[in-house]
Amino acid sequence: MYGITPDNGMEKAYDLSEVAIVPTKRARDTVDVDLSWRIDAVSLDFPLIAAPMDSIMSPATVIEMGRLGGLGVLNLEGLWTRYADPSAQFDSLAKITNEIDAVQAMQRLYAEPIKAELIDQRLAEIHDAGVPFAAALSPKTVRQFAGHVEKAGADFLVITGTSVSAQYVSETRDALDMKELIHSLDVPVIVGGCVDYFTALNLMRAGAVGILVGFGGGARQATRDVLGIEVPMASAISAAAVARSDYMDESGGRYVAVIADGGITCSGDIAKALACGADAAMVGVPLARATEAPGQGYHWGREVWHPTLVRGLRQQVETLASLEEILLGPSVVADGSMNLVGALRRTLASTGYTTIKSFQKAKLILV
């Protein structure tokens, strides 16, 4: 899927909805399927990372995600680090049904300064629970607050933006050299989003242990509508997987995880993302349906509350079940929104694979 270029010079790209997984001639038993994976020095039971969005990740849900076997990521620029107790802020947002009013309310709430002492407090709470966890910052704030993530003993620092490159250049602000930054930190870094081969390769060369591919689910359509930027996820993941292979040869075997971050709305999307070459998927919308989710039936990312250029959507979602049931089942619906791990296990078994690495070689067809 990567590198298909028609006569007009524009590359043909495909979304996850345009591909399907082809079974092999031999199915497997689900008990033989091993969904565990490893990123840097951390081993996890299944390849799902909770997106760093206020609507799904609180300190409590980060802890629960880690307890269940996945990886939770706390947004250090969210309400949890701006207010000592953000319950009232979440409650007020949940009562607003008009989307313009909701955006304006968010812009006011997120204008409250980030407080370093709250970052320390939240991360210490998670660390004391003894589960794997990560913390997220944008390129704009990473220099200011990355030290707090190191001190807290987080397993990963996630640097995430709409589109992240190995070097940010400005005539009026200090340039952000990702390689220099990553090598100065004493915490492994996951960075994204990126959607093309060369950006993925350069971020791998910069020292990242994981690459986020995509712009995040909530911002994807709005980023296309507002900025005109989009690369369909199946092709973007495939391109990053090619970069990973080339970088392994170049570096003498260093493996960088490819993490799909966008267009993941159901268990089938997770399976197709892994079949395209991803090692894991960053999940937002399905987890926003958990009863523990702070968004109380709504889901949003940081692009929704941008102070000058809103390019994300607040989505209304149906609250279905506990976080544990959404991840591990049992499922009571047939739309791929519950028992995400069980569905992925069933996909591997049905198509003849027992590990994620072998499943990355699954045959895909266009539909």
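**Notes on the predicted model**

1. Strand β5, residues 72-75, is covered on both of its faces, with Gly-72 and Leu-74 buried on one side and Val-73 and Asn-75 buried on the other. In general, the side chains of a regular strand alternate between the two faces of the sheet. This is a predicted model, and the points below should be read with that in mind. Strand β5 runs parallel to β6 (residues 133-137), to which it is joined by four bridges, and within that pairing Val-73 has Ala-134 of β6 as its bridge partner.

2. For the chain overall, there are 14 helices and 16 strands, and 56% of the 367 residues are buried.

3. How much of helix α1 is buried? Seven of the 10 residues in this helix (residues 59-68) are buried, so α1 is largely enclosed by the rest of the structure. The buried residues are Pro-59, Thr-61, Val-62, Glu-64, Met-65, Gly-66 and Leu-68, and a reader may wish to note that Glu-64 is listed among them. Their packing partners are β4 (48-50), β5, α4 (116-128), β6, α11 (285-288) and α12 (323-328), which include both strands of the pairing described in point 1. After the helix comes Gly-69, which has a positive phi near 120°.

4. Is His-148 buried or exposed? Its relative accessibility is 17%, and because buried means under 20%, His-148 counts as buried. Setting aside residues up to four places away in sequence, His-148 touches Ala-116, Ile-119, Asp-120 and Leu-123.

5. The largest nonpolar core has 126 residues, of which Leu-48, Leu-157 and Ile-211 touch the most other members. Helix α9 (residues 233-251) supplies the largest share of this core, with eight residues. Apart from its neighbours within four places in sequence, Ile-211 is in contact with Val-191, Cys-194, Ala-200, Leu-203, Met-204, Val-256, Ala-257, Val-258 and Ile-259.

6. Helix α9 also packs against helix α7 (residues 197-205), their axes coming within 8 Å and crossing at roughly 40°, which makes α7 oblique to α9. The contact involves Tyr-197, Ala-200, Leu-201, Met-204 and Arg-205 on the α7 side, and Ala-239, Ala-240, Val-242, Ala-243, Arg-244, Asp-246, Tyr-247 and Glu-250 on the α9 side. This crossing, too, is right-handed.

7. Several backbone features deserve a careful look, given that most residues other than glycine have a negative phi, and most peptide bonds are trans. The peptide bond from Gly-192 to Gly-193 is cis, with omega near 10°, and Gly-193 is placed in strand β10 (residues 189-194). The bond from Gly-329 to Pro-330 is also cis, with omega near 5°, and Pro-330 belongs to the loop between α12 and α13 (340-351). That loop also holds Asn-339, which has a positive phi of about 50° although it is not a glycine. Asp-40, likewise not a glycine, has a positive phi of about 55°; Asp-40 sits in the loop between β2 (37-39) and β3 (42-44) and is partly exposed, with a relative accessible area of 43%.

8. Which residue lies 346 residues from Ile-365 in sequence but 5.5 Å away in space, C-alpha to C-alpha? The residue in question is Val-19. Ile-365 is located in strand β16 (residues 364-366) and is partly exposed, at a relative accessible area of 39%. With residues up to four places away in sequence left out, Ile-365 touches Glu-18, Val-19, Ala-20 and Val-22.

Key
Residues are numbered from 1 along each chain as its sequence is written. This is a predicted model: local features need pLDDT of at least 70, side-chain atom pairs count only at pLDDT 80 or more; totals for chains, interfaces and linings use all residues. Side-chain values use heavy atoms; hydrogens and water are left out. Buried means under 20% relative accessible area, exposed over 50%, partly exposed in between (1.4 Å probe, protein chains only). Contact means heavy atoms within 4.5 Å. Helices (H or I, at least four residues) and strands (E, at least two) are DSSP runs, numbered from the N terminus. Two strands pair if DSSP finds at least two bridges between them. A nonpolar core is a set of buried Ala, Val, Leu, Ile, Met, Phe, Trp, Tyr and Cys residues joined through side-chain atoms within 4.5 Å. Axes are lines fitted to C-alpha atoms, for helices over the stretch in contact, and angles run from 0 to 180 degrees between N-to-C directions. Angles under 35 degrees count as roughly parallel, over 145 as roughly antiparallel, 65 to 115 as roughly perpendicular and the rest as oblique. A crossing is left-handed if the near helix is turned anticlockwise from the far one by less than a right angle, and right-handed if clockwise.
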